[in-house]
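Biologist: I would like to learn how to read a structure with several chains. Could we go through it one feature at a time?

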4 protein chains.
Amino acid sequence: MIVTLRSDADPARVRRELVARGLWIQPLTGGDGAHVAVSEHSAHVDPDELRRIVGVASVSVAPSAHPRVDAQRAVTFGRAQPPSSGSEPARRSGDDGRITLSVGSAPVLMAGPCCVESAEQVERIAAQVARGGARVLRGGAFKPRTSPYAFAGHGRAALGWMRDAADRHGLAVVTEAMSSEDAPAVAEVADLVQVGSRNMHDYALLRAVAGCGKPVLLKRGMAATVEEWLLAAEHLLVHGASGVVFCERGIRSFDPTTRNVLDVGAVALLAHVHGQPVVVDPSHAAGRRDLVPSLARAGLAAGACGLLVEAHDDAGAALSDGPQAIHPDELATMCGGTP
Amino acid sequence: MIVTLRSDADPARVRRELVARGLWIQPLTGGDGAHVAVSEHSAHVDPDELRRIVGVASVSVAPSAHPRVDAQRAVTFGRAQPPSSGSEPARRSGDDGRITLSVGSAPVLMAGPCCVESAEQVERIAAQVARGGARVLRGGAFKPRTSPYAFAGHGRAALGWMRDAADRHGLAVVTEAMSSEDAPAVAEVADLVQVGSRNMHDYALLRAVAGCGKPVLLKRGMAATVEEWLLAAEHLLVHGASGVVFCERGIRSFDPTTRNVLDVGAVALLAHVHGQPVVVDPSHAAGRRDLVPSLARAGLAAGACGLLVEAHDDAGAALSDGPQAIHPDELATMCGGTP
Amino acid sequence: MIVTLRSDADPARVRRELVARGLWIQPLTGGDGAHVAVSEHSAHVDPDELRRIVGVASVSVAPSAHPRVDAQRAVTFGRAQPPSSGSEPARRSGDDGRITLSVGSAPVLMAGPCCVESAEQVERIAAQVARGGARVLRGGAFKPRTSPYAFAGHGRAALGWMRDAADRHGLAVVTEAMSSEDAPAVAEVADLVQVGSRNMHDYALLRAVAGCGKPVLLKRGMAATVEEWLLAAEHLLVHGASGVVFCERGIRSFDPTTRNVLDVGAVALLAHVHGQPVVVDPSHAAGRRDLVPSLARAGLAAGACGLLVEAHDDAGAALSDGPQAIHPDELATMCGGTP
Amino acid sequence: MIVTLRSDADPARVRRELVARGLWIQPLTGGDGAHVAVSEHSAHVDPDELRRIVGVASVSVAPSAHPRVDAQRAVTFGRAQPPSSGSEPARRSGDDGRITLSVGSAPVLMAGPCCVESAEQVERIAAQVARGGARVLRGGAFKPRTSPYAFAGHGRAALGWMRDAADRHGLAVVTEAMSSEDAPAVAEVADLVQVGSRNMHDYALLRAVAGCGKPVLLKRGMAATVEEWLLAAEHLLVHGASGVVFCERGIRSFDPTTRNVLDVGAVALLAHVHGQPVVVDPSHAAGRRDLVPSLARAGLAAGACGLLVEAHDDAGAALSDGPQAIHPDELATMCGGTP
């Protein structure tokens, strides 16, 4: 953003007005008049407000690169369910049992195993996470694995196991599509199609997933800027996705004691400045079980409207990511305000 | 940590027991027996617990490099005050008006201007932050400035202005010592002596500050690992500091939209695994005013027991960091659970 | 790596022998005997050499996670050509005109436009880069674009234009496959199939590209560790790629004055410790034209055996990345030792 | 930098002219006329050249924050020596035996032990590095140590040992000042006073060192931007330093296999765009001996005019950093073009 001063302006006075609004500024000289450049990490201020400052001639801005994301405020997913007589956990978000994520809405818990290992396992864990307050079942049918020799998931069979288990317990389903080929099969069973962190920049996959027309949970790339993340969401909306939920899962940094760094500033920025629905994944951010509840609470405090958590009832036997999974019984404490 | 297996152990069974406890493991071969290396970003587990697993012959660990920090659990500072009849803000933490920071204690708010500009300014802001719930007045007398041409503080005069203002409003004082020469003068007026982020690795300064015998607020270096931070605290305790409060102020990362990334994982680790008192500085972490309240709440949710916040009642006129200062009237919302 | 000491060993003496070999060590205690952990960033030493040190009982190591990469030493590609009478540029690497990349081989220059814009453009630039010493024509037919509104390449038509131009000038072709669907078409015309930085972790794409059986140029992910990069190469070799050339193109860091940081340490590590063929892409590493020649020379000095350079003869008219493209006439200076 | 267009300009044509010069641009709208913002990581172009483009009304720039650095082109240090009859190694840089560092000058090798351990040790190693082609003896008398329990150097005694050894072998001396108190003693014996990476932001120390009037070797902070580094140099020149040599020693990154990442882009930028004398420290950048020669060559290829290398003839017995020290006999290969 560039602020151009009138030739009769008092630069010190304009400077004071700009700084008072939270803007980091850099005076520029050598042109035909005085300009002031506003730094990218300034607080968000409406340009029209600046145009009304005495001494300001004009304010020039870069057009938004992601107009469709800018227009989005909420994402609704899940299946409408018939009214029931009992007190079901799936009935908190709307009259029809569907789930809406938006800034300020009650936190939605998405939980389940890293990897769907069998029909029995996912049924058992689905029951447990539903009891723990989850409204969405997460789990991997197709698993991205850094090593080509690691177990990569049961694929399409696991999709069916998840859907059945979720339906029995009134849960929606979020699961990852790793390839264009599998995207339609995933979109058929998932209420929310996940694009993983390692694929955030994979534009062919974004197009294929978007083409299925479902809402998408878009994980942030491990070293993606917020602007790149917004642009990946724009790819999805342009190509047909019915909504995008942002999922912050930690960015790569230099300290080996935690696996990633949960960027709560990005959560706050997306939620409170951009007005977007954001969930956090404290499991991948921490990479270690003992920090997961704290990071979950920090993410919600920063502005997230949901959590995506790895939960397993026998972590020692888990086929992947056991050390960072919590027991489903611990879920209940996460959305509350205090430990 | 290395786990050595007995020759008759069932490796798969031991693996399961280790993973079940949140350990990321790497089998090692080629020695005289089977070893398992435990990765640094595993959950914290007592080695003695591992020694009791069937099949485990022994567990070898690296000795802690910071025994004095490990022994610390709380830091108390501020001046004991005579009992009074009124309901004073300074009387919440202990019988005698002193302040104690430890994991789980009620959040302590430290607030004030980036830079102490005049006796009048600091008096006015002290009154405001005290009303906003602060128990500690922060402010810079000596200012580290990236540019040699920027205002670097009023120095020793400002120390006196701060102390007077704090005393009038029942506040303790935290302020930074930037050089060994000034450390004694700072320690004389401050209840808590701050070592800044840019000086965390400055061992000569650490020694000089520690030698004053006061408790120290140690900001994390902008790219320091948690282990390096703990070692800097050990430097302080070895050389005479009466306690160390850790202050997380954001680490450097790749995204220009926020100035730094508040590392809530490090906060949770120090608080909940190491048992240390940690405060967060949401102002420098965000670098932009509109994200400060969210980061403050996220830090507390992660385990911080205090906040260090830049507050100014006329940000446009501030001599430094105006764009990231909040108005003192906004302070009251920060320690509460909800926005 | 863990070194276990004999019960009668002199630990100080063993320590000295280990450090003398470039190992960073950490004594571990509490087990049944003394162990020493060797840090990951130590110099490479053969474990058998350590086993011969007096006082060492055994040395345990983690098995390599990428045995197929470990076995690779050179990659050969391009088409064998009939012997000719003239002095053709394509005849430097082998008798048959094919190109071999391995540590220490004469640097191979791969150059061309970021984006193939027309048959005429690629023909003109192919002629220029061949004159400048290039042996391989690079160019994008399918372009990954951060913005969904940016030009994404002419696709399959551009593949044909490239092949024709390359053949006319005795050049091999390297070009990127961005999706599993397009991989076979790319592999049909390319001598070396590129996997881009944003897709390094895209395992479905790695499998599809590998299945074509061609050698692959694998760009490092923008925040991938060397170990993750090696594992992505292992994915390719396991699934059928006939060879993998590593391409270092800069990693993401905190300084906005250069776009990325060319990791010459990773180049040296892959080349001189792992024995792998590595090329560097100075264009994306620098992101600015004026630093490209210096980074090219630095990469070769570190151990690279080739360069991948963006070159355009009318950068102002380029459809993408014009500001970082150099003019083909500048190519000749890059592989030489001096500016 | 902001380019303002004339009202009758053809924006596409101006855009083409700007991109052709290596500028990354962002059109801005909403003002009284069209502006174009030029991104920070563009190639360096003289604003006056842009002002001559048809359609450009004016070009506004931010004034340089480091005018004294901008004016510096070379740094000369060391003691003038009487003419001699023999062929001495110290006589390559000038008639009088003094050493000048500037872009394009013949590489100057600075080598020696991490830590000066005894008069005998430094004498022995001085002889060896002089034979290996070094012109400057490096070594630590005062050592910054992350752990308070590690050996921190012999202090002032070691300064004398270094000076004596250097004089006997015709070498200049570079050694670090870690505190304001010790700065005068260091400046008395050193020809070039080093400010370490951990102290780059320590403004009190910068002032104290600068006040001694000697030239300074300024290591880059482990996460400092190039702009912050230039500003630290400006601090030194403003306060009296007679010159500043920049030393790139690797920046902190996410990959544990190398200790730091040698930023050859920053070397090229400082040398070829800013015209500054830069040396590289491949020892701390690599952190492992086997990569040191490759990084040394890469740094020189990028534009460095000198090397600062840790060398020890008995690394196993070194009191610090043994694993990254090379043997003095290996020095000779480093400044040459080939391994």
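Biologist: How many salt bridges does the rule find across the interface of chain A and chain D?

Modeller: Keep in mind that this is a predicted model. A salt bridge is counted when a side-chain nitrogen of Lys or Arg lies within 4 Å of a carboxyl oxygen of Asp or Glu. Across the interface of chain A and chain D the count is 0.

Biologist: Which elements of chain A give two or more residues to the side that touches chain D?

Modeller: They are strand 1 (2–5), strand 2 (25–28) and strand 4 (56–60) of chain A. By class, that side has 8 nonpolar, 10 polar and 3 charged residues.

Biologist: How many residues are in contact between chain A and chain D, and what area do the two chains bury?

Modeller: On each chain, 21 residues take part in the contact. About 1500 Å² is buried between chain A and chain D, with 59% of it on carbon and sulfur atoms. Of the area that chain A buries there, 26% comes from A:Leu28, A:Ser60 and A:Phe254, more than from any other three residues.

Biologist: What are the figures for chain A and chain B?

Modeller: Here 57 residues of chain A are in contact with 57 of chain B. The buried area is about 4600 Å², and carbon and sulfur atoms give 61% of it. A:Trp24, A:His41 and A:Phe254 supply 14% of what chain A buries against chain B, again more than any other three residues.

Biologist: How many salt bridges are counted between chain A and chain B?

Modeller: The count is 4. One of them joins the side chains of B:Asp314 and A:Arg16, at 2.5 Å from N to O. On the side of chain A that touches chain B, helix 1 (11–20), helix 9 (264–273) and helix 11 (292–302) each give two or more residues. That side divides into 27 nonpolar, 15 polar and 15 charged residues.

Biologist: Now the sheet. What is the order of the strands in chain D?

Modeller: Strands of a sheet pair through backbone hydrogen bonds, either parallel or antiparallel. In chain D, an open sheet of 4 strands has the order 2-3-1-4, and the pairing is antiparallel. Strand 2 (25–28) and strand 4 (56–60) of chain D each have a single partner strand, so one side of each is left without a neighbour in the sheet. From one strand to the next, the twist averages 25°.

Biologist: Over how many bridges do strand 1 and strand 4 of chain D pair?

Modeller: Strand 1 (residues 2–5) and strand 4 of chain D pair over 4 bridges, in the antiparallel sense. Within this pair, D:Ile2 stands opposite D:Ser60 of strand 4.

Notes. Residues are numbered from 1 along each chain as its sequence is written. Chains are lettered from A and ligands numbered from 1 in the order in which they are written. This is a predicted model: local features need pLDDT of at least 70, side-chain atom pairs count only at pLDDT 80 or more; totals for chains, interfaces and linings use all residues. Side-chain values use heavy atoms; hydrogens and water are left out. Two strands pair if DSSP finds at least two bridges between them. Axes are lines fitted to C-alpha atoms, for helices over the stretch in contact, and angles run from 0 to 180 degrees between N-to-C directions. Contact means heavy atoms within 4.5 Å. Buried area is the accessible area (1.4 Å probe) that two parts lose on being put together, summed over both. Ala, Val, Leu, Ile, Met, Phe, Trp, Tyr, Cys and Pro count as nonpolar, Asp, Glu, Lys and Arg as charged, and the others, Gly among them, as polar.
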